[in-house]
Amino acid sequence: MLDIESLISDFPILDRKVNGQRLVYLDNAATTQKPMPVLMASRHYYEAVNSNIHRGTHFLARLATDAYENARKTVARHLHVLDPREIIFTSGATDSINLVAQSLARSGKIGVGDEILISTLEHHANIVPWQMLCEQTGAILRVVPCAEDGTIDEVAFHQLLGKQTKVLALVWISNSFGVAHPIHRLTAEAKKSGALVLIDAAQAAPHMTMDVPAIGADFLVFSGHKVYANTGIGVLWGRADVLDSLPPWRGGGEMIKEVTFEKTTYNELPFKFEAGTPNIEGAISLAAAFDYLDELGMDEIRQHEANLLEIAAQSLTDSVPGIHLYGPAERTCALSFGIEGIHHYDLGTLIDQMGVAVRTGHHCCQPLMARFGITGTVRASFGIYNTEKDVDALTSSVHKAVSMLR
Ligand code: PLP
């Protein structure tokens with residue numbers, strides 16, 4: 001069991017008052033708050049380590065290089081990945097997906113009439129880079145529909161998957177509705193039919209154990225800022241043989257072996273995909289965040305948050321007439337809802353005045369909103385520091401706001 005009270009004291013920002021009220025932070029799917037060990041790791045880096053990495057002979061350069069490469073090893077360990085060269089540091093999940101899509105576009109592996117398969121639940125970050133790839137290569141984007149409860153239509157998935165499918169790019173957990181895709185099963189099917197598989201784990205990474213090799217995919221991506229680390233750092237995990245077979249996307253320092261004006265040869269993994277000075281401090285903060293989460297235990301975290309989601313779904317249903325919850329009964333991380341006759345933005349604005357931070361709008365999933373004939377939802381998303389008291393604050397603020405707006 002998590003010791004929530006002591007854990008809360010690790011997050012200085014949670015002491016803040018908002019409009020004179022205790023801050024109830026339920027916007028964790030957008031970004032998470034940072035615990036002291038992460039804040040201290042960043043501070044220590046700039047106070048005692050800061051230097052550029054890899055090519056320096058001096059003391060600080062060696063120290064910074066070790067810290068950065070040790071961060072890579074920590075991330076690999078957290079993902080159960082044996083080979084740290086498979087961990088590419090990027091600026092976030094969006095950057096990681098663009099890297100894969102653009103490397104594929106340059107590789108010549110995708111051509112006219114080939115298909116990229118995604119689902120209706122994707123974040124724009126897992127739609128637009130593939131649309132750009134399609135424009136460049138003549139490939140076609142196919143979309144697996146979802147059922148009324150937001151779960152993927154597996155019959156349609158099987159109909160759409162075929163030899164022409166070159167890439168399956170799937171969100172693990174939907175940031176909008178908290179739906180979990182059965183990614184192990186769908187990955188196995190796609191691999192049987194010869195597709196490359198990319199898993200968008202932006203919303204899975206903060207909430208569950210990620211045994212990446214066990215998924216069987218080729219790529220997995222996530223962002224540091226959603227796992228209690230800094231903004232501007234993210235990860236692309238890729239299978240070494242697949243990454244080796246792809247050309248780099250960005251060119252510049254670090255990613256080269258030798259440069260002449262006539263020809264450049266490229267560096268080995270992971271450096272081939274890390275052009276320029278990386279976010280050294282960000283990588284170190286990500287390692288600190290994973291150390292922190294691993295100490296708490298990912299299974300405990302998942303259980304704690306699942307419990308809160310269940311209580312929140314029940315108490316909102318019981319106390320707010322006209323509420324509609326999106327997604328299936330079993331959700332991960334996020335609870336999205338709409339209330340008859342009330343605009344999500346008005347509701348979000350009113351409950352903010354009561355100290356409750358939620359997100360409203362399309363959550364970067366406009367096609368999903370269009371599928372359900374809505375422009376947006378109110379989304380409460382949970383993190384490790386949330387408590388039943390926060391759920392009570394959510395329910396009573398929504399109840400109050402609705403009576404003011406009706
Ligand atoms: N994928 C999912 C499921 C997300 O929820 C997000 C962010 O909300 C992203 C991708 C993009 O993450 P970032 O903006 O950190 O690159």
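Two strands pair if DSSP finds at least two bridges between them, and strands (E, at least two residues) and helices (H or I, at least four residues) are DSSP runs numbered from the N terminus. The model is predicted, so local features need pLDDT of at least 70 and side-chain atom pairs count only at pLDDT 80 or more, while totals for chains, interfaces and linings use all residues. Residues are numbered from 1 along each chain as its sequence is written, and side-chain values use heavy atoms, with hydrogens and water left out.

**View 1. Strand β5 and its partner β7.** Strands β5 and β7 (residues 165-171) are parallel and are joined by three bridges. Within β7, threonine 165 is the bridge partner of glutamate 115.

**View 2. Strand β5 and its partner β6.** Five bridges connect β5 with the parallel strand β6 (residues 140-144). Leucine 141 of β6 is the bridge partner of isoleucine 116. Between β5 and β6 the chain passes through helix α5 (residues 128-137) in a right-handed β-α-β crossover (with the strands pointing away from the viewer, the path from the first strand over the helix to the second runs clockwise).

**View 3. The burial of strand β5.** Strand β5 (residues 115-119) is largely enclosed by the rest of the structure, because five of its five residues are buried (under 20% relative accessible area, with a 1.4 Å probe and protein chains only). Glu115, Leu117 and Ser119 cover one side, and Ile116 and Ile118 the other; all are buried.

Terms used. Buried < 20%, exposed > 50% of the residue type's maximum accessible area, 1.4 Å probe, protein only.
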